[in-house]
Amino acid sequence: MKRIAKFHRVSQNRFFMDWKDTFPETPDEAVLKIYEGIRLPRRATAGSAGYDFFAPAQFVLKPGETVKIPTGIRVEMNPEWVLKCYPRSGLGFKYRLQMNNTVGIIDSDYFYSDNEGHIFAKLTNDTNENRTLTIPADTGFMQGIFVEYGITEDDDVTDVRNGGFGSTTK
């Protein structure tokens, strides 16, 4: 098995800013407590392909509701690898939990962005059975799978990333 990446927490300051941007009503001391409880993603079994991301707090999604979750996680990985993020399969099967961008793509150079490469998950409860989804704090809600990729023979890109969504098309 190739060992190509390492998960880290973002800095406390980065997490605090991003959490307050998303959930401004959260008291400061609660945000710090959430940060202290962040667990790094891990595989559940030796045969698991996906690294489970754990909810930093409890989230309740009624049918049709969406939430943007600052995970507090960043990932350092070798070039020519990407982390693909999906909802945990059981949540997708039971609740039709959907990632709003279908598949989250975390490029290897995202780690070096000004936002520390903070990974977010934007999820929607797309149930057609009128089911409310509760994701308790510290439970797996998303999984990331590392995939190697290639480029074309005539690729000559030298640009450097600085940012998240849309930063590579500016």
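Biologist: Which residues of helix H2 are called buried, and what makes them so?

Modeller: In H2, residues 28-36, they are Val31, Ile34 and Tyr35. Buried stands for under 20% relative accessible area, with exposed over 50% and partly exposed in between (1.4 Å probe, protein chains only).

Biologist: How do you know where the buried residues of H2 fall, seen down its axis?

Modeller: They fall within an arc of 100 degrees, so they line one face of the helix. The arc is taken from the directions running from the helix axis to the C-beta atoms. Turned away from that buried side is a face with the exposed residues Glu29, Lys33 and Glu36. Mind you, this is a predicted model, where local features need pLDDT of at least 70 and side-chain atom pairs count only at pLDDT 80 or more, while totals for chains, interfaces and linings use all residues. Numbering starts from 1 along each chain as its sequence is written, and side-chain values use heavy atoms, leaving out hydrogens and water.

Biologist: What do the buried residues of H2 pack against?

Modeller: Strand E1 (5-9) and helix H1 (12-22). Contact there is heavy atoms within 4.5 Å. The element names come from DSSP runs numbered from the N terminus: helices are H or I with at least four residues, strands E with at least two.

Biologist: What about H1, which residues are buried there?

Modeller: Arg14, Phe15, Asp18, Trp19 and Thr22 are. Their arc around the axis is only 120 degrees, which puts them on the same side of H1. Asn13 and Asp21 are exposed on the face turned away from it. The buried residues of H1 pack against H2, strand E3 (59-61), E4 and E9.

Biologist: How does H1 run relative to E4?

Modeller: H1 lies across E4 and E9, at about 170 degrees to E4.

Biologist: In which order do the strands of the three-strand open sheet come, and why are E4 and E7 at its edges?

Modeller: The order is E4-E9-E7, antiparallel. E4 (66-70) and E7 (97-99) each have a single partner strand, so one side of each is left without a neighbour in the sheet. The average twist from one strand to the next is 30 degrees.

Biologist: Why is the set of 37 residues called a nonpolar core?

Modeller: Because such a core is a set of buried Ala, Val, Leu, Ile, Met, Phe, Trp, Tyr and Cys residues joined through side-chain atoms within 4.5 Å. In this largest one, Phe53, Phe59, Leu83 and Phe141 have the most contacts inside it. Leaving aside neighbours within four places in sequence, Phe141 touches residues including Phe53, Ile69, Leu97 and Leu123.

Technical notes
Two strands pair if DSSP finds at least two bridges between them. Axes are lines fitted to C-alpha atoms, for helices over the stretch in contact, and angles run from 0 to 180 degrees between N-to-C directions.
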